Amino acid sequence: MPRAARFRIAAIEDLLAQLRYAPDDTRLKQMNAAERLLAEVDPDRSYPEDFVTFRITGYRPDSGATPATFVGGALVSDLVIFIQALSDELAIAVSDLGRSPLSLAEVAARLRVSGKTVQRYRRLGLVCHYVTGEGGPRRLVCFEDALEAFATRHAERVTRAAGFSRV
């Protein structure tokens, strides 16, 4: 069994812990907000903690102290983990979302890369969710719109990986 991904930013991990007891609709709303934020994060910029918290929760902390800043690359990785963890806690049915799910094997085939490369792409911002199907077990999927956004954002990397061959 693969080991669970670990957060690089303690504040994002703390935010997830605070949401454990929130109602499902609140967690779903914040999961979607985190996914919208992820689409806007530049890996080469830094983001203040209060900005990230506000974009996910709608709450602006008023601590008075200088907020910590997060490097965009670490924030991307942690937002992917955050979204996946929230989706794992929620009982999301594919039929409720109105989005087209793809298994990780289908994602690999579509991008013409290996499953291991898909796992690496998840650290770079490829968003996956746990969903339940029609009477089936919970499974990890990538929605088609998330895959298209990732492929557009990382077009050069995806093209280079698709053309790679060991032979």
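At what angle do H4 and H7 pack, and how far apart are their axes? Please bear in mind that this is a predicted model. The angle between H4 and H7 is about 105 degrees, and their axes are 6 Å apart. Angles of 65 to 115 degrees count as roughly perpendicular, and H4 and H7 are therefore roughly perpendicular to each other. On the H4 side, the contact is made by Val 76, Ser 77, Val 80 and Gln 84, and on the H7 side by Arg 122, Arg 123 and Leu 124. By class, the residues of this contact of H4 with H7 are three nonpolar, two polar and two charged.

I turn next to H4 and H2. Helix H2 covers residues 24-40 and helix H4 residues 72-89; they pack at an angle of about 155 degrees, with their axes 10 Å apart. H2 is therefore roughly antiparallel to H4, since the cut-off for that description is an angle over 145 degrees. The crossing of H2 and H4 is left-handed.

Which residues meet there? H2 contributes Arg 27, Gln 30, Met 31, Ala 34, Glu 35, Leu 37 and Leu 38. From H4 come Val 76, Leu 79, Val 80, Phe 82, Ile 83, Leu 86, Ser 87 and Glu 89. The contact of H2 with H4 has ten nonpolar, two polar and three charged residues.

A further residue of helix H2 is Ala 33. Is Ala 33 buried or exposed? Its relative accessible area is 7%, and the limit for a buried residue is under 20%, so Ala 33 is buried. Setting aside neighbours within four places in sequence, Ala 33 is in contact with Arg 55 and Ile 56. As for Gly 136, its C-alpha lies 27 Å from that of Ala 33, and the two residues are 103 apart in sequence.

In soluble globular proteins, nonpolar side chains tend to be buried together. The largest nonpolar core here has 49 residues, of which Leu 75 and Phe 82 touch the most other members. Among the elements giving two or more residues to this core are helix H1 (10-19), helix H3 (49-57), strand S5 (138-143) and helix H8 (144-153). H4 provides the largest share of this core, nine residues.

What does Leu 75 contact, leaving aside its neighbours within four places in sequence? The partners of Leu 75 are Ile 9, Ile 12, Val 41, Tyr 47, Val 52 and Phe 70.

Note on methods:
Residues numbered from 1 in each chain as written. Predicted model: local features only at pLDDT ≥ 70, side-chain atom pairs only at ≥ 80, totals over all residues. Heavy atoms only, no water. Axes fitted to C-alpha atoms, helices over the stretch in contact; angles between N-to-C directions. Helix = DSSP H or I, 4+ residues; strand = E, 2+ residues; numbered from the N terminus. Parallel < 35°, antiparallel > 145°, perpendicular 65-115°, else oblique. Left-handed = near helix turned anticlockwise from the far one by under 90°. Contact = heavy atoms within 4.5 Å. Nonpolar A, V, L, I, M, F, W, Y, C, P; charged D, E, K, R; others polar. Buried < 20%, exposed > 50% of the residue type's maximum accessible area, 1.4 Å probe, protein only. Core = buried A, V, L, I, M, F, W, Y, C linked by side-chain atoms within 4.5 Å.
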